[in-house]
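Subject: Structure handover

Hello,

I am passing this structure on to you. Please open it first, then read my notes below.

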Amino acid sequence: MYAQMVQAEGMKAPEEMDERERAFQARIDAGEKIEPKEWMPEGYRKTLIRQISQHAHSEIVGQLPEGNWITRAPTLERKQILLAKVQDEAGHGLYLYCAAETLGVSRDELNAQLLSGKAKYSSIFNYPTLNWADIGAVGWLVDGAAIMNQVALQRTSYGPYARAMVRICKEESFHQRQGYTIMMKMAFGTPAQKRMAQDALNRFWYPSLMMFGPSDKDSVHSAQSMAWKIKINTNDELRQKFVDQTVPQAKYLGLTIPDADLAWNEEKGGYDFSEPDWSEFYAVLKGNGPCNAERMAARQKAWDDGAWYRDGLMANAEKRAERRFAAMPIAAE
Amino acid sequence: MSKEWPLWEVFIRGQHGLNHRHVGSLHAPDAEIALLNARDVYTRRNEGVSIWVVKSSDITASAPSDKGPLFDPSNAKVYRHPTFFEVPEEVGHM
């Protein structure tokens, strides 16, 4: 999940709602989509901006760990594929930024919130990609975990967000499959390659489970977001689904999930598994993960180094528009 | 303080014979670059045969609160639909 621990704003019980708020909730309950210019509670708007922008920032920052390996991909074909995947992530970030902008916040404001640290991005992108097997693990596990959440969000109540999700989901399964085929190549390769694949799984397993965020079954924020249909499943539901889906895939690869307590539970029809270390999760969110500083420095540099380009093209566009205006015949004469 | 690139709405004709359809928006300094960006952002998988870009500020939209006055009247004019008229079976398909 690319949005973690989004705090909902303006929570209200039905009896505290005014007429407009009740009518709004009724539309959502009836499965209607909310569109940009329509009236919405301030809390709904603010919570959505927070969630969509966190999701967008994750897509953009998520390009960094994978971009790290574009120049070192093992074959030209793998390089092209990875390049296409990282380009997709940029596209996903843009779809989501545009969805957030329909709520009345500007792109520059969103970017400033990321760079100042006010807005968060997914904890997973603060882990390093040390070798090529990690690129396989990221596609397989990280994109796999993201899809769990994104598929459900196609039904979210805010129209532009739901439409962005539909586009993203169409493209995302390519990402997971390309990751899994890298894992297959490594796991079925030489013993050294297989060891690398196992090592990548060992390092990415728990951070991937953390992507869903801590249990929120008792969270009031989560309950509000679910009432507004901007969150569809609880974090635990999605995590369980992810584990149930991933265990057989690891088995096919001949790799071992790094969890001694992992066991099939016939009664619940799913696996029992160990929780990740949540103190590590909170430390990473606070900025103390292995790569937080590096990621933010890269985003800041991209913003600073791009300033002359953004300003130059804008100045050129304005100059050309002025010239066109000056060349127009004056109708009033 | 530098200026933010304006917002453009992107419309794509998916196949020959279909209408252009709104697919999303993007930022660009001018129309030419908006087209280039639209190609990169919205047609990475063969989604289109033609692109339109329009500055978002040039679009005039009806207000959500006008929904009733604008569209309710046509609800009352059921005779605009062919199913309003009953044609005897003997007449055959019409």
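A word on terms before the strands: two strands pair if DSSP finds at least two bridges between them. Please keep in mind that this is a predicted model.

I start with chain B. Its three strands form an open sheet in the order β2-β1-β3, with antiparallel pairing. β2 and β3 of chain B stand at the edges. Each has a single partner strand, so one side of each is left without a neighbour in the sheet. On average, neighbouring strands here are turned by 25 degrees against each other, direction ignored.

Which residues make up β1(B), and how enclosed is this strand? β1(B) covers residues 7-13. Five of its seven residues are buried, so the strand is largely enclosed by the rest of the structure.

Now the partners of β1(B). Seven bridges join β1(B) to β2(B), residues 20-27, and the two run antiparallel. You can check one bridge by eye: B:E9 has B:S25 in β2(B) as its bridge partner. These two strands form a hairpin, with six residues between them. In the turn, B:G17 has a positive phi of about 95 degrees.

On the other pairing, β1(B) meets β3(B), residues 50-55, over six bridges, again in the antiparallel sense. B:W8 stands opposite B:K55 in β3(B). B:R13 stands opposite B:S50 in β3(B).

Next, two helices of chain A. Helix α6(A) spans residues 132-153, and helix α7(A) spans residues 159-187. They pack at an angle of about 150 degrees, with their axes 7 Å apart. Angles over 145 degrees count as roughly antiparallel. α6(A) and α7(A) are therefore roughly antiparallel to each other. α6(A) passes α7(A) in a left-handed crossing. What does their contact consist of, by class? It has 17 nonpolar, nine polar and two charged residues.

Last, the cysteines. How many disulfides are there over all chains? The count comes to zero, taking a disulfide as a pair of cysteine sulfur atoms within 2.5 Å. A:C169 is in no disulfide, and the nearest cysteine sulfur, that of A:C98, is 18 Å away. Is A:C169 buried or exposed? The cut-off for buried is under 20% relative accessible area. A:C169 has 15% relative accessibility, so this residue counts as buried. A:C291, at 4%, counts as buried too.

Best wishes

How values were computed:
Residues are numbered from 1 along each chain as its sequence is written. Chains are lettered from A and ligands numbered from 1 in the order in which they are written. This is a predicted model: local features need pLDDT of at least 70, side-chain atom pairs count only at pLDDT 80 or more; totals for chains, interfaces and linings use all residues. Side-chain values use heavy atoms; hydrogens and water are left out. Axes are lines fitted to C-alpha atoms, for helices over the stretch in contact, and angles run from 0 to 180 degrees between N-to-C directions. Helices (H or I, at least four residues) and strands (E, at least two) are DSSP runs, numbered from the N terminus. Angles under 35 degrees count as roughly parallel, over 145 as roughly antiparallel, 65 to 115 as roughly perpendicular and the rest as oblique. A crossing is left-handed if the near helix is turned anticlockwise from the far one by less than a right angle, and right-handed if clockwise. Ala, Val, Leu, Ile, Met, Phe, Trp, Tyr, Cys and Pro count as nonpolar, Asp, Glu, Lys and Arg as charged, and the others, Gly among them, as polar. Buried means under 20% relative accessible area, exposed over 50%, partly exposed in between (1.4 Å probe, protein chains only).
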